[in-house]
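Here is a short report on the sheets, helix packing and chain contact of one structure. Please keep the sequence and the 3D view open while reading.

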Amino acid sequence: MTQQEYNGIMVIAEQKDGKVHPVAFELLGKARKLVEKKPQGVMGLVLGPETLDAKNLIEGGADRVFHVTSEIFNLPDELIYKENILPIIREIKPAIVLIGATTFGRSLAPRIAAALDTGLTADCTDLQIDDDGKLVQIRPAFTENILAHIKTKTYPQMATIRYREFSRPDLDPERKGEIILREPSVTSQNRVEILEEVTRQKTNIAEAEIVVAGGRGLKNAPDFITLQELADLLGGTVGATRDVVDAGFISKAHQVGYSGHRVKPLLYIACGISGAPQHKAGMKESETIIAINTDPSAPIFSIADIGIVGDWAEVIPRLLEKLKQ
Amino acid sequence: MRIIVLIKQVPEMDRVKFDSEKGVIDRKSAGVEINPFDLNALETAVQIKEQVGGEIIALSMGPPRAEKTLREAVARGADRGILLSDGKFAGADTRATSFTLARAIEKAAPFDLVIAGEMTVDGDTAQVGPQTAEYLDIPHVAYVTDLEEASDSSLTVTCNIWEGSYRKRMHLPGLITVTKDINFPRLPELKNKMKSREVEICRWDFSTFSDNLSPEQTGLKGSPTQVKKITIPPPIERKGQVFSPEETDEALAAIEKICREKRVSGGQS
Ligand SMILES: Cc1cc2nc3c(=O)[nH]c(=O)nc-3n(C[C@H](O)[C@H](O)[C@H](O)COP(=O)(O)OP(=O)(O)OC[C@H]3O[C@@H](n4cnc5c(N)ncnc54)[C@H](O)[C@@H]3O)c2cc1C
Ligand SMILES: Cc1cc2nc3c(=O)[nH]c(=O)nc-3n(C[C@H](O)[C@H](O)[C@H](O)COP(=O)(O)OP(=O)(O)OC[C@H]3O[C@@H](n4cnc5c(N)ncnc54)[C@H](O)[C@@H]3O)c2cc1C
């Protein structure tokens, strides 16, 4: 595999029910910046129903979009996705393939990379082009304690990229580009049956601008009602530590942290949360952090903009009262 | 049912020290333990074995000291352990790790099910499970949160994927990666603890694979990705203001102000 044969950046855009995941637009925006040095193209690849508007991806920064049309892509079936993506990558030979590091992206990308027998960098938070024209992939590891700078010897250079690391470009309705429709080459497999969608995340905490979160300082499930009231008042979402999720106070969809969701809101209010490294990993990049904890030595205070040593059950109701005035 | 559980030895993350100036991880600062997610993988295997019977093999690639990890796996319910250890395997990225694990799983065949953790706490990539499945040409289901039914020919599970959760039925052989939510790993039982001290852990080195693995396919040589540099961001510290219990009134005024500034339209007024 030589570098000359491989050209351009391909963004594989995840979609569900015809709606493209916003991380795809962030990646297109970033890809445009990465190709500034060299006039090689930015491509989009989307697998989804015919009704999906692939033109958006052009407006977001792609020069060419491959749209493999089928309703079958409304199911998270890694095997069928893989079989339809491989021939396109083999034909187009992009130098770089970027995929959003969503759960589905992180399940699908390794299968594609292994099938192509190329390298894959996981869950990146930044990308750069080096002097030799190669991609530098920057990613946190060791439970977010370090940043590794990684380069790939093989082509395409593949990476999954975390949601909300790059800004979302404004769609430009004037942007011109080509949409190439493709028929799916494989539409069934008999190894994994997708029986049903059990639940759909109602709370998309990853996108919340305000998060009011509770930990072990809360005594029971009803305590979350008070936090919910504050979240509703502020237009936000309720978050939680793993310990209270495990205790059954609130569903996993609300868990913030290393093995939960990563959030980057304008405001994070931590109530009765000690600030374990695994919790901080999911929220430390919040713009403003307010922490309420009875223990003045709680580690959460070291990353808080405002810390209040006190009982959340006293502070939050008083805050609610003030805000309602 | 023959189940292979993939187990990685990792540093104790709560203890390990990072030198932000030199950009190094001081691995000596901490002991080692089983990757926490792999305990859930092992517990899943034990529960399946309890239902349908069979054998559990714990498989790990790592330095010789990882043998201890496999003994712990036996104490926690595995029947035996295989350690892949050789200088030629060292420095592997996820591609080389998965490729080597896949070749080892083929050697340990027949197998029905491979179970991996969702991710490790050191490499953090969550890639080895699905990559190994691809190199074995078997299906996988990632981020499994619930095991509903196991039979000799299939597995019905719920997985957390695509901004929701889905029930899937996988026909075996296949691979699953499990999250922390799937179960609470039980503690080692006394009789297994005894067994773990005596059991022989198979040691497979590169020569074991003379027929199905070339030196270019494993270890550093078989790794397309390379860590060029490590930087350790200084820990985020905010020179925040901390209000004592006597200052609660001032504190409330301060946070009320922030809340009013940041309140999102759409919030109730
Ligand atoms: C592999 C791994 C992954 C993990 N992933 C996650 C993850 O994704 N998310 C996560 O959160 N954790 C995760 N954890 C767990 C994490 O290590 C901590 O155990 C957890 O974050 C602690 O939760 P907590 O702050 O609610 O509880 P605690 O640590 O028990 O803290 C409770 C705090 O509440 C304070 N408090 C008590 N009463 C009051 C009151 N009335 N008012 C105000 N304050 C009060 C106490 O002083 C204390 O500081 C993970 C752990 C591991 C090993
Ligand atoms: C800082 C840093 C960053 C890295 N980034 C990348 C990267 O982006 N891409 C890349 O390809 N490599 C990367 N690597 C290399 C990678 O960490 C190693 O290949 C490692 O052996 C396996 O990856 P992981 O720890 O991420 O495992 P994961 O894929 O997170 O592990 C998932 C599961 O696979 C099983 N498993 C993993 N390793 C083993 C093993 N050795 N033996 C048995 N079972 C195992 C376990 O069940 C585990 O729970 C990085 C290494 C470092 C030090």
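The report below takes the sheets, the helix pairs, the interface and a few backbone details in turn.

## Model

This is a predicted model.

## The sheet of chain A

Seven strands of chain A form an open sheet with parallel pairing. The order is S7-S11-S6-S1-S4-S5-S12. Strand S7 (120–124) and strand S12 (178–182) of chain A are the edge strands, and each pairs on one side only. From one strand to the next, the twist averages 20°.

Within this sheet, strand S6 (residues 96–100) and strand S11 (residues 157–161) of chain A pair in the parallel sense over five bridges. Leu98(A) stands opposite Ala159(A) in S11(A).

An open sheet of ten strands draws on chains A and B, with mixed pairing. Its order is S13(A)-S11(B)-S10(B)-S9(B)-S12(B)-S8(B)-S1(B)-S6(B)-S7(B)-S13(B). The edges are strand S13 (192–200) of chain A and strand S13 (202–204) of chain B, and each of these pairs on one side only. Here the twist averages 30° from one strand to the next.

Strand S6 (residues 55–61) and strand S7 (residues 80–84) of chain B pair in the parallel sense over five bridges. Ile57(B) stands opposite Arg80(B) in S7(B). Helices from both chains pack on this sheet. Helix H4 (residues 103–116) of chain A touches strand S9 (140–150) and strand S10 (154–160) of chain B. The direction of H4(A) makes about 105° with that of S9(B). Helix H2 (residues 67–75) of chain B touches S6, S7 and S13 of chain B. The direction of H2(B) makes about 160° with that of S7(B).

## Helix pairs within chain A

Helix H3 (residues 78–92) of chain A and H4(A) have axes that come within 10 Å and cross at roughly 50°. That angle makes H3(A) oblique to H4(A). The crossing is right-handed. On the H3(A) side, the contact residues include Leu79(A), Ile85(A), Leu86(A) and Ile89(A). They meet a set in H4(A) that includes Phe104(A), Leu108(A), Arg111(A) and Ile112(A). By class, the contact of H3(A) with H4(A) has ten nonpolar, one polar and four charged residues.

Helix H5 (residues 223–234) and helix H8 (residues 312–324) of chain A also have axes that come within 10 Å. They cross at roughly 30°. Angles under 35 degrees count as roughly parallel, so H5(A) and H8(A) are roughly parallel to each other. Their crossing is left-handed. H5(A) brings residues including Leu227(A), Leu230(A) and Leu233(A), and H8(A) brings residues including Trp312(A), Ile316(A) and Leu320(A). The contact of H5(A) with H8(A) divides into ten nonpolar, one polar and three charged residues.

## The interface

In the contact between the chains, 92 residues of chain A face 86 residues of chain B. Together the chains bury about 8100 Å², with 56% of it on carbon and sulfur atoms. Arg111(A), Phe142(A) and Arg191(A) supply 9% of the area that chain A buries against chain B, more than any other three residues.

One helix pair spans the two chains. H8(A) packs against helix H6 (residues 248–262) of chain B at an angle of about 55°, with the axes 10 Å apart. H8(A) and H6(B) are therefore oblique to each other. Their crossing is right-handed. Among the contact residues are Val315(A), Leu319(A) and Leu323(A) of H8(A), and Leu252(B), Ile255(B) and Cys259(B) of H6(B). The contact of H8(A) with H6(B) has six nonpolar, one polar and five charged residues.

## Backbone details

Tyr155(A) and Pro156(A) are joined by a cis peptide bond, with omega about -10°. Pro156(A) lies in the loop between strand S10 (146–152) and S11 of chain A. Another cis peptide bond joins Ala109(B) and Pro110(B), with omega about 5°. Pro110(B) sits in the loop between helix H3 (94–107) and strand S8 (113–117) of chain B.

Glu144(A) is a residue other than glycine with a positive phi, near 75°. Its place is the loop between strand S9 (135–141) and S10 of chain A.

Methods:
Residues numbered from 1 in each chain as written. Chains lettered and ligands numbered in written order. Predicted model: local features only at pLDDT ≥ 70, side-chain atom pairs only at ≥ 80, totals over all residues. Heavy atoms only, no water. Pairing = 2+ DSSP bridges. Helix = DSSP H or I, 4+ residues; strand = E, 2+ residues; numbered from the N terminus. Axes fitted to C-alpha atoms, helices over the stretch in contact; angles between N-to-C directions. Contact = heavy atoms within 4.5 Å. Parallel < 35°, antiparallel > 145°, perpendicular 65-115°, else oblique. Left-handed = near helix turned anticlockwise from the far one by under 90°. Nonpolar A, V, L, I, M, F, W, Y, C, P; charged D, E, K, R; others polar. Buried area = accessible area lost by both parts, 1.4 Å probe.
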